[in-house]
Structures are given as structure tokens and as C-alpha cells.
Amino acid sequence: MNKTIKLLAVAGLCLSAVACSSAKKMVDLADNVVVTCNPAVLECVAGNIDPVITVTYPANYFNPKATLAVTPVLVYGNSEQAMEPVMFQGEKVKDNYKTVAKAGATLSQKLHFTYEEGMEQCQLVLRSTVKLKKKSYKLPTRKVADGLNTTYMLADASGKAPLKADGYKAILQQTAEGQIMYRINSADVQSKQLTSSSIKNFKAALDEIKNNERKTLVGTEVVAYASPDGGEKLNDKLSDRRSKSADKAWDKVMKNVDVADPTVKSIGQDWEGFQELVQNSDIEDKDLILRVLSMYSDPAVRESEIKNMSSIYTDLKSDVLPELRRARFIANVEFKNYTADELLEMIDNNSDVLDEPALLHSATLVKDLDTKVKLYNQAIKKFDSDAARFNLAVTLMDSGDLKGAEKAFAEVENRDSDYQNALGVLALRNGDYNSAAAYFKKAGTAVAKANRGLLDILSGDYESAAENLEDAPGCCRNTVVAYILNNQLDKASAAITCDDAYANYLRAIIAARQGKKDEVKAALDKVAKLDKKLAARAAKDVEFAEYYK
């Protein structure tokens, strides 16, 4: 009996040894397991890292009674990010894990990690533990991928919301004018017209132009007209005669004035002046007259229809038509506007004299946010400037004050395509990509389309990104990034139209993917000179792994 018990005990020990040995065998033969990763170099897309690993277990490797816990881990620097273990089981295990037959199997598993700063130089490793009954054994750690591609992060992710044009011009076109008046159906210049207050003021303006270092006289004109009554043919001839007599009057008036000879023109019937005078008059039925002008283009029909309005025509004969029997003396002047330095000085000392374009332009010249806000608010208060409201909102948004920008945008009255695009950028910066896409679509501008391309990059739809960014205005690095991500390297290279640090960084990536080592070095050398932070990124970028060995 004792002998039998001893034999059973020995048999049990032997079975235990076999079981342990079998599990240990999975550890010892772990190198026979083939593991591949797709992509071979990890890629971050829309903040996610989602490789697929494929594991091939050879025949007679996996113990039918064993379970295997495989923990994918992304190791970077002194940190790591681990997934929940992926579980495998042998054929005789009753759990609900993936089963590996004794004859072998090839199984694929999609992994998921969330990007964190510093992961560019990471390793994807598998840490595995095999368990058989109550015994556990750790398999050797298996590295399956090295490095993370984050090229999409080179896109400018801020979105573009251009300011409203300020309308400021370095040179302003101005005019100074005087005029002589004619009697009805006459082309004779009365002597009193040569000494009228209008002519005196014109000559004084010429003196002021001559003595003003900001003003340059670039040409003079004599322009003659006839009032639109009496027939077109008659008035054309009358206007021609008036142009000749006005030219002679110019010579008399300017006899002692150093000024070039004028260009002489005859306009004929002055319908444009007629419309302007009626518009600005107190005539009771002026809207009816203006409607006739808009309905008929034929001068004869216009005149006939207006004369049919007998009571109105009486007012026109006394208040409007006499003002159109004239010749204008015109001085064309170029005014040299304030320089940037002058504007900056005036901001501090005399900003009240600045007009709306000058205030808007001055705000773009200063760097201090408080001063920008002050100038925009000044333009809003003084000129009720809606452009200033919009530019204030964009400026606050670009400064990072998204809540302040939201309040400022609510005050903007002109909610045009620029406004819709700007709200899209605000939504983008708040992380609301769905609302941003809706605003960009509604805006429908070239800038909004480029912003939609940026959204495509950030969400991982690189093909759509390339389409939306193809015609992006200006030097748009996002276009280049989109082409690189689509592996359209020739298009990417052609799309680089500037020479800043980012342009050279992208040139280096293109050259690296094309295997052009000398071009990589040349481009990265420029990056190092232009942007130390980008140069430090390059040293860790998997795109250049072959060049930093």
C-alpha cells in the first residue's frame, strides 16, 4: 500500500514537471514567434496611434492548457503608456480569449494609444506572461516598432481669419476744384466769373499745394458741361463751345500762376451731376425723378418724362439745372500719407486727428495688445466702424482670449463670409471641429476652404486635405504638409514658395523620403540657423532617423 502511494506521488510530480516544462518551453522558444507591426514606423493620426500587430505562433508552440497575456506598451523617455493586456488561450482553455491552436496560428490585433508629448522617440514593446495552472512565467520583452511619425503636426493648426482691409493708402488721390458758371444756352464767360469766390478758392488751393511738402500736383483739367434740357445734340455743341471758352478763361486766371496747361474735356449733358444734385436736394418728389433716371437710359426719353412732371420740372429749372451749366477747373493732387513712424508717434500724442483707415492701420503697426484694443475702440466710438469691431474680435482671438473674442464677434453687424470664417476659426481653436466645418462651408471663401483643409489634416483625411488646400492663398505650409502626407512629393516640393524655417524643414522631409541626403543636410542647416526649436525637433524626428545615426 505504501509502495502504491509512493508511486502515485512520483507520477504526480512527473506530471507537474511536464506541465511546468511545457509552459517554460513557451518562454524558451519565444523567439520562434513572429511579430510584425503595420505600419513598421508608428504614425500619429489625429492624436491617435493605431498600429496593427500580427503574431504568428508556430506549430507545437502554444500549450493547449495555457493562457498568454500580452501587454502592448509605448515606452518614451522615462514614461510609458500601456494598453490592457490582449489575452490568448490554448485549445483546452474554457475562457473567451483568442484561441491559438496547437498546430499554430496567425492572429492580428489593432492597438490604440493616445499621443503625448515626447512620444516621437518611442518604442512599441510587448510584455507577455504565460500562465499554466498556478504557474506564471514572463516571456522576454519583444520590441516591435521604433519611433513615431508626427509630420501632420507640422501643419499650422491655428486656422486663418484675416483682418478686414483698413483701406489705408500710402498715397491718396485728391482734387481741388473751382468752377465758372454759364447762362442758359450761352458759352460766353462773364468777367465776374473770373474773380468769383470759387476761382479765388481754387487759386488759394494751388498755392497751398505748392507749399505743402506732402502734396504733389500731378495734372490739371478743364471739364465743360451742359444741363440736360434742350436736346442732346444741341447740348453737345454747347458743351464743346463752353470747353473752348473755359480753356481761354483758364489762361486768364492762371496768367501769373506756375501751373501746367490743363487737359480740356467736353462732357455734354451732365446727367451724372443732375442725379447727384437731385439726390441731395429737398425736392418733394425727388424719388420719382431718380426712378425715371434708373428706368430710362435714352437722354431724350429721360428729358421728356421729367418735363411731363410739370410741377417738379419747375423746381428743377430754378434749383438744379442752372448749377449744371458750368466748367470745372480741377487740380489732381497726390497726398503723401503718414508713414508708419509718424503714425506710431501720433498714436501717443495726437490720435484724435486720425481718420478711420489710419486708426485701423495704426492698430496693425503696434505689438502691444492693450494699444491695439484702444485704437479699435477709438475707431468704433468715433466712426461707428464695423471693420474695427471685426478686427478687434480677431485680434482678441489671436491673442488667445477666446471668450473675449466671442463677446466681440457678437457686436459685429456685418455677418458676411469673413465673419463666418472667423467664427469657424474660433470654433476650431475651441476644439469644436464640427461647428468649425459648418462655418467654413457657409463662408465659402478661399481662406475658408484652406481652413477646411486644415481640419482634414487634423482629423486624418489627408486626401481631402490636399484637395481643399490645393489653391490655398499665399505661402501655405499646410498645403505642403497635405501633399507630403499623401506622398505626393513632387507637388509638395512645387508648393513651397517661401524660404522660412518651416519651408526648409518640409524640404528636408521631402528630400529624406526621396533619399537625397545632401539636400536633407542643406535644408536642415538652414533650419538650424532660422529656428532652434525646429532644429531640436529635427534631431528627434523619425523622418530623419537615417541622417542622425
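Biologist: Which residues in H11 meet which residues in H12?

Modeller: Arg 389, Phe 390, Ala 393, Val 394, Leu 396 and Met 397 in H11 touch Leu 402, Gly 404, Ala 405, Ala 408 and Phe 409 in H12. Contact here means heavy atoms within 4.5 Å. By class, this contact has 9 nonpolar residues, 1 polar and 1 charged. Nonpolar covers Ala, Val, Leu, Ile, Met, Phe, Trp, Tyr, Cys and Pro; charged covers Asp, Glu, Lys and Arg; the others, Gly among them, are polar.

Biologist: What are these values computed from?

Modeller: This is a predicted model: local features need pLDDT of at least 70, side-chain atom pairs count only at pLDDT 80 or more, and totals for chains, interfaces and linings use all residues. Residues are numbered from 1 along each chain as its sequence is written, and side-chain values use heavy atoms, with hydrogens and water left out.

Biologist: Why is H11 called roughly antiparallel to H12?

Modeller: H11 (residues 386–398) and H12 (residues 402–410) pack at about 165°, with axes 7 Å apart. Angles over 145 degrees count as roughly antiparallel, under 35 as roughly parallel, 65 to 115 as roughly perpendicular, and the rest as oblique. So H11 is roughly antiparallel to H12. The angle runs from 0 to 180 degrees between N-to-C directions, and the axes are lines fitted to C-alpha atoms, for helices over the stretch in contact. The helices are DSSP runs (H or I, at least four residues; strands are E, at least two), numbered from the N terminus.

Biologist: What makes Asp 386 and Arg 389 a salt bridge?

Modeller: Their N to O distance is 3.1 Å. The test is a side-chain nitrogen of Lys or Arg within 4 Å of a carboxyl oxygen of Asp or Glu, so the pair passes. The two sit 3 residues apart in H11, about one helical turn. Both also belong to a network of salt bridges with Asp 384 and Glu 413.

Biologist: Are Asp 386 and Arg 389 buried or exposed?

Modeller: Buried means under 20% relative accessible area, exposed over 50%, and partly exposed in between (1.4 Å probe, protein chains only). Asp 386 has 17%, so it is buried. Arg 389 has 11%, so Arg 389 is buried as well.

Biologist: What makes Asp 398 and Arg 429 a link between distant parts of the chain?

Modeller: They form a salt bridge, with the closest N and O atoms 2.8 Å apart. Asp 398 is in H11 and Arg 429 in helix H13 (residues 417–429), 31 residues apart. Asp 398, at 48%, is partly exposed. Arg 429, at 26%, is partly exposed too.

Biologist: How many salt bridges are there in the whole structure?

Modeller: The search finds 21. One of them joins Lys 265 to Glu 221, with N and O 2.9 Å apart. Lys 265 lies in strand E17 (residues 263–269) and Glu 221 in strand E16 (residues 215–226), 44 residues apart. Lys 265 is partly exposed at 36%, whereas Glu 221 is buried at 14%.

Biologist: What makes Lys 133 count as exposed?

Modeller: Its relative accessible area is 66%, so it is exposed. Lys 133 lies in the loop between strand E11 (122–132) and strand E12 (135–138). Its phi is positive, about 55°, although Lys 133 is not a glycine.
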